[in-house]
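This report describes the fold of a single chain, from its strand pairing to its helix packing. The sequence and the model are shown here.

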Amino acid sequence: MPVRVGVGYDSHRLVEGERLVIGGVEIEHDRGLAGACGLGDLGELFPDDDEQWKDANSIDLLRIVIGRMSGAVANVDVTLICEEPKLAPYKAEISALLTDVLSAPVNVKASTNEGMGAIGRGEGIACMAVALVDTGDEIQRRPQ
């Protein structure tokens with residue numbers, strides 16, 4: 001299977017007055033993520049200074065990205081990093097929603113930053129993700 005691997009990282013500050021939505025799932029918390037919107041990177045596709053994308057639904061943005069891809073997502077592995085809120089109760093729901101949207105298995109894990117740095121002080125949330133994409137292309141092999 002000809003494949004490509006993509007690795008992504010993003011982080012956002014937690015701020016008062018915003019809803020907290022991760023992976024399309026609203027999470028009970030007193031703060032939400034600031035600036036959580038923005039092919040290349042997301043800021044190029046969905047610029048945060050374009051009113052069209054202000055308060056956009058992240059699942060709708062994901063569907064736009066999937067529609068522009070050549071190939072199909074084979075699987076995704078996601079690690080969410082924050083001190084608060086505790087995300088364990090939401091992992092299965094996030095995984096199920098993303099699996100449905102991507103038509104591929106999505107594994108969601110949650111971790112803390114062990115009190116280190118801005119994430120460890122509870123100032124924000126970070127996410128790392130790895131995706132395997134079946135490009136359908138023929139693999140070009142060099143002659144031996």
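**Basis and terms**

Two strands are taken to pair if DSSP finds at least two bridges between them. Helices (H or I, at least four residues) and strands (E, at least two) are DSSP runs, numbered from the N terminus.

The model is predicted, with local features needing pLDDT of at least 70 and side-chain atom pairs counted only at pLDDT 80 or more, while totals for chains, interfaces and linings use all residues. Residues are numbered from 1 along each chain as its sequence is written, and side-chain values use heavy atoms, with hydrogens and water left out.

**Overall content**

The chain holds 4 helices and 7 strands. Along the sequence they follow the pattern β-β-β-β-α-α-β-α-β-α-β. Of the 144 residues, 31% count as buried (under 20% relative accessible area, with exposed over 50% and partly exposed in between; 1.4 Å probe, protein chains only).

**The sheet**

Five strands form an open sheet: 5 strands in the order β4-β1-β7-β5-β6, with mixed pairing. Its edge strands, β4 (31-33) and β6 (106-111), each pair on one side only. Neighbouring strands of the sheet are turned by 20° against each other on average, direction ignored; axes are lines fitted to C-alpha atoms, for helices over the stretch in contact, and angles run from 0 to 180 degrees between N-to-C directions.

Strand β7 (residues 124-134) runs antiparallel to β5 (residues 72-81), and 9 bridges join the two. Within this pairing T79 stands opposite M128, and N75 has L132 as its bridge partner. Strand β1 (residues 3-16) is also antiparallel to β7, joined to it by 11 bridges. Here V7 has V130 in β7 as its bridge partner.

**Helix packing**

Helix α3 (residues 91-102) lies across β5 and β6, running at about 150° to β6. Contact means heavy atoms within 4.5 Å.

The axes of α2 (residues 58-68) and α3 come within 10 Å and cross at roughly 30°. The two helices are therefore roughly parallel to each other (angles under 35 degrees; over 145 is roughly antiparallel, 65 to 115 roughly perpendicular and the rest oblique). The crossing of α2 past α3 is right-handed, that is, the near helix is turned clockwise from the far one by less than a right angle, anticlockwise being left-handed.

On the α2 side, I59, L62, R63 and I66 meet L97, L98, V101 and L102 of α3. By class, this contact has 7 nonpolar, no polar and 1 charged residues. Ala, Val, Leu, Ile, Met, Phe, Trp, Tyr, Cys and Pro count as nonpolar, Asp, Glu, Lys and Arg as charged, and the others, Gly among them, as polar.
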